[in-house]
Amino acid sequence: MENGAPTAKPVIVAIDGPSGTGKSSTSRAVAAQLGLSYLDTGAQYRAITWWMVTNGIDLEDPTAIAAVAGKPEIISGTDPAGPTITVDGVDVAGPIRTQEVTSSVSAVSAVPEVRTRITELQRSLAVAAERGIVVEGRDIGTTVLPDADLKIFLTASPEARAARRSGELKGADVNATREALIKRDAADSSRKTSPLAKAGDAVEVDTTELTLAQVIECVVTLVEEKRAGK
Ligand SMILES: Nc1ncnc2c1ncn2[C@@H]1O[C@H](COP(=O)(O)OP(=O)(O)OP(=O)(O)O)[C@@H](O)[C@H]1O
Ligand SMILES: Nc1ccn([C@@H]2O[C@H](COP(=O)(O)O)[C@@H](O)[C@H]2O)c(=O)n1
């Protein structure tokens, strides 16, 4: 208690799901609306992948990746109004979205030493979030924050996800985008350490037929209900 007023307990929200289901857009908007911090964990895996690519590490050699997993300093800014990501002081928000990083990230994120390193960063950011945080990724509800107050698992058909992504990547072929999404999901779901999976106690939301605004509203309501103890 401060000045006699009860201090709200920080709320931890974990949002997981396959690529293109709307995790980032939803999480960022929910965090902004509720005054919480926001963490895009995919950006962290992309950042370490960018560093591996930039430093010429052989991405087909998990031992080589593991040996240098502790080297880059990755810093994530968690303000939903302007999330940031740097590697060794370099702003990599743009470079981590290139096709080269997207097609390499699953190989890097499958290496246990990489996951241990990034998971530690994620947990420390979650603990530091005074009002609470929305953390989105693939293994947040199952591994990173298994005691989260609320766990959401977003899904959508491959067709809807490919159409959304193709809309973003102007002129991209929808079928090729769909195949690339399916391939990345398969790699992320089948790795040994912390695969993409729905936590047993997660609420599944199929976003195929929902607008982004409807998904945001649904998640905000779930968080508010949780806070109210419903
Ligand atoms: N319900 C929705 N309806 C229509 N478009 C949506 C919906 N949700 C998200 N989008 C759009 O789909 C695209 C992908 O969304 P977003 O980046 O949030 O997905 P993601 O799950 O975080 O993907 P990834 O895991 O690949 O980073 C964005 O352009 C976003 O605006
Ligand atoms: N918790 C997580 C989050 C992401 N990954 C890996 O990063 C890739 C990129 O994620 P995006 O959300 O930015 O598309 C993803 O394909 C995973 O390989 C992860 O392993 N765990």
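Contact here means heavy atoms within 4.5 Å. The model is predicted, so local features need pLDDT of at least 70 and side-chain atom pairs count only at pLDDT 80 or more, while totals for chains, interfaces and linings use all residues. Residues are numbered from 1 along each chain as its sequence is written, chains are lettered from A and ligands numbered from 1 in the order in which they are written, and side-chain values use heavy atoms, with hydrogens and water left out.

Helix α7 is a handy place to start. Helices (H or I, at least four residues) and strands (E, at least two) are DSSP runs, numbered from the N terminus. Within α7 (residues 158-168), the buried residues are Ala-160, Arg-161, Ala-162 and Ser-166; buried means under 20% relative accessible area, exposed over 50%, and partly exposed in between (1.4 Å probe, protein chains only). Part of what covers these buried residues of α7 is α8 (174-190).

Both of these helices turn up again around the ligands. Ligand 1 is surrounded by 17 residues, with Lys-23, Ser-24, Ser-25, Arg-165 and Glu-168 the closest; a residue is near a molecule or strand if one of its heavy atoms lies within 4 Å of it. A polar backbone atom of Gly-22 sits 3.0 Å from an oxygen atom of ligand 1, and a side-chain N or O atom of Arg-138 is 3.2 Å from an oxygen atom of ligand 1. Arg-164 puts a polar side-chain atom 3.4 Å from a nitrogen atom of the ligand. On its own, ligand 1 exposes 630 Å², and the protein buries 81% of that (Shrake-Rupley method, 1.4 Å probe; for residues, only the protein chains shown count as cover). Two or more shell residues each come from α1 (23-34), α7 and α9. By type, the shell around ligand 1 splits into 4 nonpolar, 7 polar and 6 charged residues, where Ala, Val, Leu, Ile, Met, Phe, Trp, Tyr, Cys and Pro count as nonpolar, Asp, Glu, Lys and Arg as charged, and the others, Gly among them, as polar.

Ligand 2 has 16 residues around it, and Arg-46, Ser-109, Arg-115, Asp-139 and Asp-188 come nearest. Taken alone, ligand 2 exposes 460 Å², of which the protein buries 97%. At least two shell residues each are supplied by α2 (41-54), α4 (99-109) and α8, with α2 giving the largest share, 4 residues. This shell consists of 3 nonpolar, 5 polar and 8 charged residues.

Then there is the sheet. Its 3 strands form an open, antiparallel arrangement in the order β3-β4-β5, and two strands pair if DSSP finds at least two bridges between them. Since β3 (74-77) and β5 (90-91) are at the edges with a single partner strand each, one side of each is left without a neighbour in the sheet. Strand β4 (residues 84-87) is joined to antiparallel β5 by 2 bridges, and Thr-86 has Asp-91 of β5 as its bridge partner.

Gln-214 belongs to helix α9 (residues 212-227) and counts as partly exposed because its relative accessibility is 39%.

How values were computed: A polar contact is a pair of N or O atoms within 3.5 Å; within protein, one must be able to donate a hydrogen and the other to accept it, and residues adjacent in sequence count only if both atoms are side-chain atoms.
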